[in-house]
Amino acid sequence: MNKHKIEIALVRKVFLSASLGIASFSYGQTVQTQIKGRLLSSSQTPIPYANIDVSDNSGKLLDGAFTDENGYFTLDIKPGSYRFKISGVDFPTQSITGLASRDFNLTINTSLQSNTNVPASKNSDEKVIKEVVIQAPTTRPYKVELDKKTYNVSQDIVNKGGNLQDILSNVPSVSVDTDGTVSMRGNSNVRFLVNGKPSALLGFGDGPSAMQAIPADQIERIEVITNPSSKFEASGTAGILNIILKKEKKKGFYGSVQGSLGYLPMTSLNTNLGWRKGALSWFLNGGGSYREMTRIRDENRTYNNPSLLNPRTTSITDSDYKSIGKSYNASSGFVYDISDNTNVNASITARYSESDASGGLTYTDSFINAVTTKSKRDEDGAGSEKALQGDFGMEHKFKDKGHQISGSLIVSKNDSESNRTFHEYLSGNLTDLSFENRSDTNSGIVGKIDYELPIGDQAKLEAGYRYDHNKSKAENKAGIQNLLQGGAIYPGAFNYTSDYSETFNAIYAQFKSKFKKIGYQIGARAENTGIDLEYKSLDPNTNVLKNKNYWGVFPTLFLSYEIGENQQILANYSRRLDRPRSWFLRPNASIQDIRSIFRGNPDLNPSYTDSFELGYSYQKKSLTINPTLYYRNQTDDVKMVIARENQTSNVTYMFPLNLGTEATYGLDFNFNIEATRWLRFLGNLDIFGYNTKGEYSYNTINSLGIPVNNSIDYTGNGVSTNARLSSTIKLDKSLSFQLQGDFRGGRKTANQTRKPIFGLNFGLNKSIWDGNGSITFNVQDVFNSRKRTTTTTTGDITTQTVMQMMPRMASVSLTYRFRQGDVKENVKPKRQQEYRTDDSDM
């Protein structure tokens, strides 16, 4: 199926879903009076995603609504006296009583006083109420809580029409490298969750290609958890990024559609649909994208000890790859309230992506006799990946407030394959043909149960269990044909099958309470890990049969002290681990680059991290300040070794080893400033020091055939800086402008130096169609400056590498939001006003 047929089919599905949703409840429609209002802060800034409930004077709930991203909402009520209850994530719940009639506004001031009375209108029998304006504290793009920090995606203009990887580039305490690697405070061992759970949307690799498959328009917020509690799994020494997807809470049928077009050539179409009536809520998110990408990687090797038997002095490798990627994803599910205290939920998620790539490597080798040779390696490849996941859950609340139990089950499967062909040229003549075909099949099952028991008014005990089982099967086939010698060979190390399985069992318990101004939470988690690896290749010397089993106990401690209203001091500690990924354990040889070959290490062990934080939080009205001091010490740190087996060869091997320790310490300063009604700043400054220790010794064979001892020193210390600043200027009520700049400081160890990187993004957003739509234009990397330059010394080779994964891009996006078929019904007071999202993971 070609691109145009796929896009037409996608559009048909969107409109079919909309038609079915409208038809399903249209029979119950009655003529209602609509109140169109807007929720504003005291500075007249719209408050998005807040909940407004309307009750009569007896307390009976009549209707409810959620404000959209521009603060607008619609209610179906008749003129009269009502109780309005307003709640949101950034301000305490507020209630007022007022009369609603034509030509009157209902206003809540920022002092949060209740029972604000509005005089009755003489025309109280009118059927139309012009507007209701409610003022409340501003929704901040950045919020600090006891055990996490939350970033509100809705106010990110420069990344509208983008994807998860683009969004993460603006999240405080998070940075994205030029190759797509995500790190938190300089540590790339980040654990990703979607709605608090592992997700097929990210596949099994959490890699850049998977993150590019999640559209920014489907993301509501991102939770940054630098020191997770015992309730979360212990994996991820840098912390956890929890991506919360949109699940609307409105009644009736509602949704949005967004399309984007950009250059480098890219297009996307995404939709978010939902329907709620009575005890049933349903949602559908889906979309597709087409994107062309370029990858540039230039490498200059200098051989420091050339000789007559090893005459090579320099080797320059220029690589230029272009790829076309297509991705499609859909997620649908429901929540059903069996009773006021019990609900069940289920959802299914599917993702499919495919890519075509072409490019090549050009080698220029120079020798001590002034001779220069040139060779070339062209590559053509194609790959695809499909993932499917089912989620099932149930929650029951007991009579006592906060007393509840919940359980969930996740079943997932992921299949991927890639096929590549290579053509080798020497002095312009074709000399070799080679191919490599690879397939991977992954499946997993996660089951967990959580229990919460309140103890008095201030304390709570939580406990739970989690079972996690994953299986992976990989198969690689490769062949090389030398046209000068004739015949084809199938190198043993490149033809293999691998079966890998891992099983985790975990239990946790934590207790939290508060004494006057001091809050505390103490917990512990015990995890058992079992790993089985069977690796077979045509080279029997590389066969592996490995079984591992290890236990770990991971304590956590959180403390808070309220200095005054809106101010607190936070301190916490956690112990975490970094489990080796399956592809780091399998030898996994590949002929993708015959001069740089990766090998896994079956003997690789987990590394462990002790993490400490001491922070201060000030959150009031238009200002949020959150400086945090942190210290992180990692043992059995994994280093990537790059070495040659003999000094006459131009082939290097890369493999991971547990080597030494790494300590990181610094100040992570985050702030949000609403300077005026039209100017806002969001910034992050991370000043950190590092101290790395480790050494690797190995033997090579020199040009005379004599073993020579070599060593690589990983020792290094210094200070570096990461910084980001985003400014949003509101030019008028419907037009906003945003600039986002970031800086990643350089870093130096005994064997590697990395230069600093700077980048600038630009965005412009215009609200149209009475707030029901918006059009956005943005440019990523305005100066085309995000290139990574590193210089590495291993043994007698010094290598300088310059890499750029994505050049400057520009795009325009159009979004339309709609809501139809609001149904007035006798809603049960609290239960059916909630559309719960499971934000916790074990």
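**Ground rules and confidence**

Residues count from 1 along each chain as its sequence is written, and side-chain values use heavy atoms, with hydrogens and water left out. Since the model is predicted, local features need pLDDT of at least 70 and side-chain atom pairs count only at pLDDT 80 or more, while totals for chains, interfaces and linings use all residues.

The chain has a mean pLDDT (the predictor's confidence in each residue, from 0 to 100) of 79, with 79% of its residues at 70 or more. Residues 1-32 sit below 50, and beyond near neighbours in sequence this stretch has 37 contacts in the model; a contact means heavy atoms within 4.5 Å. Residues 821-842 also stay under 50, and there the model has 101 contacts beyond four places in sequence. Where pLDDT is low, the predicted coordinates should not be read in detail.

Strands here are DSSP runs of E, at least two residues long, numbered from the N terminus, and two strands pair if DSSP finds at least two bridges between them. β29 runs parallel to β33 (residues 652-658) over 3 bridges, and F598 stands opposite M654 in β33.

Most residues other than glycine have a negative phi, and most peptide bonds are trans. Against that background, the bond joining Y263 and L264 is cis, with omega about 10°. L264 is in the loop between β15 (252-263) and β16 (266-277).

K516 has a positive phi, near 55°, and lies in the loop between β25 (496-515) and β26 (518-537). K516 counts as exposed because its relative accessibility is 70%. The cut-offs are under 20% relative accessible area for buried, over 50% for exposed and partly exposed in between (1.4 Å probe, protein chains only).

N784 also has a positive phi, near 50°, in the loop between β43 (773-780) and β44 (788-794). At 23% relative accessibility, N784 is partly exposed. F783 is in the loop between β43 and β44 too, and is exposed at 55%. Leaving aside neighbours within four places in sequence, F783 touches F758, L760 and R808. The C-alpha atoms of F783 and R808 are 7.3 Å apart, although 25 residues separate them along the chain.

**Salt bridges**

Side chains of opposite charge can pair when their charged atoms come close. The rule used here asks for a side-chain nitrogen of Lys or Arg within 4 Å of a carboxyl oxygen of Asp or Glu, and the count comes to 32 salt bridges. Here are some of them:

| Pair | N to O distance |
|---|---|
| R297 and E299 | 3.2 Å |
| R312 and D365 | 3.7 Å |
| R466 and D468 | 2.5 Å |

R312 in β18 (residues 312-337) and D365 in β19 (residues 342-367) link distant parts of the chain, 53 residues apart. Both R312 and D365 are buried. R466 is buried at 4%, and D468 is buried at 5%. R297 is partly exposed at 31%, whereas E299 is buried at 11%. There's also a network of salt bridges linking K231, E452, K460, E462 and K512.

Technical notes: Helices (H or I, at least four residues) and strands (E, at least two) are DSSP runs, numbered from the N terminus.
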